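Biologist: Can you put the model up? I'd like to go through the helix packing and then the contacts between the parts.

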Amino acid sequence: MFTPALNISKLTLRGTILGGMGLFLLIVGVFSLSKGAFSIPLSQSLAILLDQVGIKTGDFTQQQANVLLQIRLPRILLATLVGGGLGVAGAALQGMFRNPLVEPGLIGVSSGSALFAVIYLVLVPSMSSLLWLQQIGLPLFAFVGGFIHVMAVYFLGQSSGKSNTTNLILAGVAINALAGALIGLTLFYSDDAAMRSFTFWSLGDLGGATWQKIPLAGILIALPTILLFTESKNLNAISLGEQEAYHMGVNVPSLRIKLLLLTALMVGVAVSLTGMIGFVGLVVPHLIRISFGADHRLLLPASFLLGAILLNIADLMARTIAIPAELPIGVITALLGAPFFIYLISTFNQSKN
Amino acid sequence: MLCAKNIHFCIKQRPIVDQASLSLEAGEVLAILGPNGAGKSTLFKILSGELGCNRGSVGYNGCPVQKLKSKQLAEIRSVMPQHSQVNFPFTAQEVVELGLVACKSSKPKQLVQEVMEATNTLSLKNQVFNQLSGGERQRVQLARVLVQIWEQKPFPRYLLLDEPTSALDIAQQHAVLKILQDLKHRNIGVLIILHDLNLASLYADKVALLKNGMIAGFGQTNDILEERLLSKVFDHPVSILTHPITGSKLISTDRYLTRSTQNFKHA
């Protein structure tokens, strides 16, 4: 583990790490702006961006500006919000369940959100003509679904008041299977369009990013993220044990509900916007813990930044591997994340023995 | 004063703790002794406020425990459970700092430093908690619960420990009990579940003997730790000798003999 030199205070160290990661995210973002089916040289990408804030530095075509500003920029912002949100949600859930194998996908938040989103899509087009309801309704449904599922897994996964890894994972498997079956059932009674959109839910897709989606994602992901940051100390305490956290003066039941609500909200919104993107929430907090330790005051913000970085890189790969086609981003994150998960399970068992 | 009156707790009609009453003043060390399954840990959880009881009451400094919020309670009492698992790579110092999570202190760094010195864990501070030995972990956990009540306060506080010496060698056991004894000067009352009768005899001011959920004896250590009562509570012959050099009580247990066990039961 990374041990800080004695003359640097913890606070400065934290600032340096977060600053470095933020800078890296910015570089990845700018690089990602200029790559894709329609390639824009880096210098022109920068020129377009600077032009937006009123600084003229170089020439570019209107087409280049449109691709960059209307297609790629919202997409990168969405990848940043969703990736960051999944990273923080994963870190918070792992801390609360006191289990490093917990991930929003594994414990049913994602599938619960997807189920409710699919139900909404099948039911609502016939009912609603209001556009704003469409915009709010889908994330709201996804949030409710995610919350119900995470509560179910949490209570099923406990045996005599203690969270137990085996029970937890089995509960997650059961809930995921149920959600999968119900999604299938819903689709069976729906039309072709819904069938096609199921691929979107199951594999994840950032291709639908538009500027309209950004404010919603910005509020409903960034706000819970900041609220989670304020719980870092309590998350530290609860990762020692719920009993111990109570002894140390933490109001455990209220903290628990707060964490479940906030993570379900973030994951629900992310799923409603981009479908199920697996493994970001699992891998990201791990990498941070291995590199910088388990203190949630650093872990949570660093997980946001690393989640955003990883999802942007994954999206860049998805857009550039099979030009002009796009790979579903969930395929990329799963291809990278699943082997990592297998590795984690093997080391987790070793450390127990 | 930590005061428990007529505590009754049952699971599925079966009493686990039955009409138990005891009290602990600040500046006292109270040892709770009893055979396995006597209800020690359940009583401990009720006293710490973690578990509600069916009948009876627990009060800290005259205030009923259920009326205190977890934060207020954390300022009055600190608890060390039997096993605490840490699944994430926290360093020893980070674990100790957690003890201050809900308490506002003007000098948190100094408190952590002092407590880690007192528990002899300062040299471990940058090591990952999970990589420490069992005894080291127990000392770090002790530091964590001590830091919570280390700062001087104008009201009496209490420390509750469930077998804090179970993973320690003899030198460390005595070192820990010495630390606990020294807490008397800080206006802190210590309640400790022990298995070692001799440790209780050497360090406790008062002893409560628990059997089948009932208090079989509660009072000054010297009055309670006597042969007949101990033999009865533990269902095993116990003799009390005098240490030839120090003159202190020495509690000796015989090896398992069916006849002698029967003899004392008939006696």
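Biologist: Is the crossing where α3(A) passes α13(A) left-handed or right-handed?

Modeller: Right-handed. Keep in mind that this is a predicted model.

Biologist: How many degrees do the axes of those two helices cross at, and within what distance do they come?

Modeller: Helix α3 of chain A spans residues 62–97 and helix α13 of chain A spans residues 296–320. Their axes cross at roughly 140 degrees and come within 7 Å. Angles over 145 degrees count as roughly antiparallel, so α3(A) and α13(A) are classed as oblique to each other.

Biologist: And by class, what residues are in the contact of α3(A) with α13(A)?

Modeller: There are 15 nonpolar residues, 10 polar and one charged.

Biologist: How far apart are A:Ile71 and A:Gly207, in sequence and in space?

Modeller: In sequence, 136 residues separate A:Ile71 from A:Gly207. In space, their C-alpha atoms are 8.7 Å apart.

Biologist: What about chain A overall, what share of contacts between residues at least 6 apart join residues at least 24 apart?

Modeller: That share is 78% in chain A. The chain has 353 residues, of which 47% are buried. Its secondary structure is made up of 14 helices and two strands.

Biologist: Another helix pair, then. Which way do α8(A) and α11(A) run relative to each other?

Modeller: The axes of α8 (residues 213–229) and α11 (residues 252–274), both in chain A, cross at roughly 155 degrees. That makes α8(A) and α11(A) roughly antiparallel, therefore, to each other. The axes come within 9 Å, and α8(A) passes α11(A) in a left-handed crossing.

Biologist: Which residues make that contact?

Modeller: From α8(A), they include A:Leu220, A:Ile221, A:Pro224 and A:Leu228. From α11(A), A:Leu262, A:Met266, A:Val269 and A:Leu273 are among them. By class, this contact of α8(A) with α11(A) has 12 nonpolar residues, one polar and one charged.

Biologist: Moving to the chain interface, how many residues of chain A are in contact with chain B?

Modeller: Chain A gives 24 residues, in contact with 26 residues of chain B. On the chain A side, the elements giving two or more residues are α9 (232–238) and α10 (242–247). By class, that side has eight nonpolar, 11 polar and five charged residues.

Biologist: Last topic, chain B. What domains is it divided into?

Modeller: Domain 1 covers 2–225 and domain 2 covers 227–267 of chain B. Their C-alpha centres lie 28 Å apart. The contact takes 12 residues from domain 1 and nine residues from domain 2 of chain B.

Biologist: On the domain 1 side, which elements give two or more residues?

Modeller: In chain B, these are α7 (197–203), β9 (206–211) and β10 (214–220). The largest share comes from α7(B), with four residues. By class, the side of domain 1 that touches domain 2 in chain B has seven nonpolar, four polar and one charged residues.

Note on methods
Residues are numbered from 1 along each chain as its sequence is written. Chains are lettered from A and ligands numbered from 1 in the order in which they are written. This is a predicted model: local features need pLDDT of at least 70, side-chain atom pairs count only at pLDDT 80 or more; totals for chains, interfaces and linings use all residues. Axes are lines fitted to C-alpha atoms, for helices over the stretch in contact, and angles run from 0 to 180 degrees between N-to-C directions. Angles under 35 degrees count as roughly parallel, over 145 as roughly antiparallel, 65 to 115 as roughly perpendicular and the rest as oblique. A crossing is left-handed if the near helix is turned anticlockwise from the far one by less than a right angle, and right-handed if clockwise. Two residues are in contact if their C-beta atoms, placed from the backbone, lie within 7 Å. Ala, Val, Leu, Ile, Met, Phe, Trp, Tyr, Cys and Pro count as nonpolar, Asp, Glu, Lys and Arg as charged, and the others, Gly among them, as polar. Domain bounds come from an automatic or database domain assignment. A residue is buried if 20 or more other C-beta atoms lie within 10 Å of its own, exposed if 12 or fewer, and partly exposed in between; C-beta atoms are placed from the backbone.
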